[in-house]
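Visitor: I have a model open and want to learn how to read it. Where do we start?

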Amino acid sequence: MQSTVTPTHCPYCALQCGMNLTPAPDGGVAVSERADFPVNRGALCGKGRTAPALLARDVRLTSPLVRGGDGTLVPASWDEALDRIAAGLRRTRAAYGPDAVGVFGGGGLTNEKAYSLGKFARVVLGTSQIDYNGRFCMSSAAAAGIRAFGLDRGLPFPLEDIPESGCVILVGSNPAETMPPSLRYFTRLRENGGTLIVVDPRRTRTAEQADLHLAPRPGTDLALALGLLHLVIAEGRVDEEYVAGRTTGWEEARAAAMAHWPEYVERITGVSVPRLRETVRLFCEPESAMVLTARGPEQQSKGTDTVGAWINLCLATGRPGRPRSGYGCLTGQGNGQGGREHGQKADQLPGYRKLDDPAARAHVAGVWGVDPDSLPGPGRSAYELLDALGTDIRSLLLMASNPVVSAPRAAHVEERIRSLDFLAVCDVVLSETAALADVVLPVTQWAEETGTTTNLEGRVLLRRRAVTPPEGVRSDLEVLGELAARLGVEKGFPADPEEVFEELRRASAGGPADYSGITYRRLAEENGVFWPCPAEPPAPDGTGGTAPGTPRPPDGPTGRAAGPHPATPTGETAAPHSGTPGGEDAGVHPGTPRLFLERFATADGRARFVPVSHRPIAEEPDEEYPLLLTTGRVVAQYQSGAQTRRVAELNAAAPGPFVELHPRLAARLGTAEGDPVAVVSRRGRAVAPARITDTIRPDTVFMPFHWPGEGRANTLTNPALDPTSRMPEFKACAVRLEAVER
């Protein structure tokens, strides 16, 4: 145990709250406030405060496990475990080819691990079959952002801009429970005279604090956004100068919106016309306003178009690329932003490059020292990869994910995992997925390792090692290096995270997510750096830098471009440094807290309107399944619960699953508070105690998705995929309720 205070970051959500770790008298580690970190200013939720509980030896894995002759997992040496994995992967490749080996990553992996995992899949295994669980979280918003702006960064502005805005529409997000320290930004918004509008089928803790709560029927957010845009047009509230000067595609998007008149939208969504009109007034009257989306509108089979409709609303009213305004996505997982930038996605290379781009392939292959033609092409998306297990994909290497609980149609996914010829899992704990593996490797976690993450603002951060991992535990980087060597690639997979990051910098240089100007030393001294941050600084005229992503300051208060400029996502650079970061020569790029103030990251610098129209969810209610199920999180648990369910204080606050239903629905069923209720969909059946409340629509039931077993919500969810993002439709499916004999 180190004897000094170690400044680092929380292992959970995408806020990546700052915290200090110090040795505790009992031999563990204690969390204390880190007030200098701007995102949370010392505030922590219960998950962050209790995170050290995961470091206890009786909670986490401390020895490799292998499947014994009797079918149980038994301890083994590292050499035996690694040899078994290498043999299993080699055997599958020899028998069925490289694409019969799959790799599945996670949004909790550090940038270094995500980068190395993608490189390992493509260089060592030669497989195209790699994706990660972040596909289930932010992919629709990412696809919509790229389509409209040419670039995906969750928030194109810092969180500190939220309280300074005149109005915020929060769509399908409940930060009071999913990222509690962020709620202060929305509280300050209202204290400053701004308006908070929350769109959610439930009256959540966040909705209770809103000035206006819209409760649409699940799966109708697309129609809602189109109805609001219709009213913006009809009431003459379009910013015609902005639309003409900074966008393309308006006429087509306008025509699509005008087909969604208010009364039609009211019938679809259940949101009354007066409330639609009030929303438009509150959003359009202030000088600045923003729309922030989260999983609600994104986890739909039309999620990309749904987010696109909200972006169209922002563009029509002149919001994106202006101070304290615009569109943003509240990324969920701890490294959900960085995890989707550096190569563990099916179609991606480091720096947010496209795998099917010849120039991108040539650049990254040059960094890796391989022939560009040797790199495989794009592979299956996350659910499609899981669905192919045991058939096209015979062996799987899985890191930092628990799809047995978190994947849609989870019983089917569990069956597919069980059908594999070989499964190897690297994890901190014995998750429900790890329990099915042939080999389980115990790996280091947040406080036991150094590495970088990128939070929801695009702020690259340095997590620092604060404690020595238990004997018998190794890092994921060590694992990949050992496996690469056993599979014939002796070099290129260092265990030192800073060495990996230095290579990541070179690989990302010139890409949309350019980290080439970021170093560990800068991250430590500057409390994080916003990407894009090229290796070269802006020129005196604001141009320059080595790559797309190089910003220049805006020309005036509106941030409109003064003339032609290369296709870069330009915006406001960070304030000048006092002194030279790291003691290096002057001339470093300061990073880019605010994007798009001058131009968008498209070839002509203009944002793209995309015409979209309402369509129903993939599975509408009918006589057999007359209700809608929506899913989400509770404040004391996180994702699949593999970590938080092992923390006593968090389990006491949220001990198990439940079914939230309206009193009228409970009365029809004859169900009382706490009675077991079965929720049945076309994919399976889940049973949990009833929680009766008038904060939910009478046609909707809600279940949190953190638990396995008979209360597993994702047994029910629909894997219908968005055609662009390949996001499954977690947020809406048809179900019925059945009483359960006590």
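Guide: Start with a charged side chain. This is a predicted model. Arg 237 is partly exposed, with a relative accessible area of 28%.

Visitor: Which side chain does Arg 237 meet in a salt bridge?

Guide: The general idea comes first. Side chains of opposite charge can pair when their charged atoms come close. Here the partner of Arg 237 is Glu 235, at 2.9 Å from N to O. Glu 235 counts as partly exposed too, at 31% relative accessibility.

Visitor: How many salt bridges does the count come to?

Guide: The count is 47 salt bridges. One of them joins the side chains of Asp 161 and Arg 594, at 2.7 Å from N to O. That pair links distant parts of the chain, 433 residues apart. Asp 161 sits in the loop between α4 (139-149) and β8, and Arg 594 is in strand β23 (residues 594-595).

Visitor: Are Asp 161 and Arg 594 buried or exposed?

Guide: Asp 161 has a relative accessible area of 7%, so Asp 161 is buried. Arg 594 is buried as well, at 17%. The cut-off for buried is under 20%.

Visitor: Which residues are linked in a network of salt bridges?

Guide: Look at Asp 79, Asp 83, Arg 474, Glu 482 and Arg 486. Salt bridges link them in a network.

Visitor: Now sheets. How do I read strand order and direction?

Guide: Strands of a sheet pair through backbone hydrogen bonds, either parallel or antiparallel.

Visitor: How many bridges join β8 to β12?

Guide: Four bridges join them. β8 covers residues 167-171, β12 covers residues 290-293, and the two run parallel. To check by eye, find Val 168, which stands opposite Met 290 in β12.

Visitor: Where can I see antiparallel pairing?

Guide: Go to strand β19 (residues 451-454) and β20. They run antiparallel, joined by four bridges. Thr 452 has Leu 462 in β20 as its bridge partner. The two strands form a hairpin with four residues between them. In the turn, Gly 458 has a positive phi of about 85°.

Visitor: Which residue in β21 is the bridge partner of Arg 459?

Guide: The partner is Phe 530. β20 and β21 (residues 529-530) pair in the antiparallel sense over two bridges.

Visitor: Which way do the side chains of β20 point?

Guide: In a regular strand the side chains alternate between the two faces of the sheet. In β20, Arg 459, Leu 461 and Arg 463 point one way, while Val 460 and Leu 462 point the other way. Five of the five residues in β20 (residues 459-463) are buried, so the strand is largely enclosed by the rest of the structure.

Visitor: Which residues of helix α17 are buried?

Guide: In α17 (residues 410-418), the buried ones are Ala 410, His 412, Val 413, Glu 414, Arg 416 and Ile 417. Their cover includes α15 (382-387), α16 (403-406) and β17 (422-427).

Visitor: What does Thr 306 touch, not counting residues up to four places away in sequence?

Guide: Thr 306 touches Asp 221, Leu 222, Pro 297 and Gln 300. Thr 306 lies in helix α13 (residues 303-316). Its relative accessible area is 0%, so Thr 306 is buried.

Visitor: Last, the whole chain. What does its secondary structure come to?

Guide: The chain has 22 helices and 32 strands. Its radius of gyration is 25 Å, close to the 27 Å that the globule rule gives for 742 residues, so the chain is as compact as a globular protein of that length. The C-alpha trace spans about 75 × 70 × 55 Å along its principal axes. Buried residues make up 65% of the 742.

Key. Residues are numbered from 1 along each chain as its sequence is written. This is a predicted model: local features need pLDDT of at least 70, side-chain atom pairs count only at pLDDT 80 or more; totals for chains, interfaces and linings use all residues. Side-chain values use heavy atoms; hydrogens and water are left out. Two strands pair if DSSP finds at least two bridges between them. Buried means under 20% relative accessible area, exposed over 50%, partly exposed in between (1.4 Å probe, protein chains only). Contact means heavy atoms within 4.5 Å. A salt bridge is a side-chain nitrogen of Lys or Arg within 4 Å of a carboxyl oxygen of Asp or Glu. The radius of gyration is taken over C-alpha atoms; the globule rule is 2.2 Å times the number of residues to the power 0.38.
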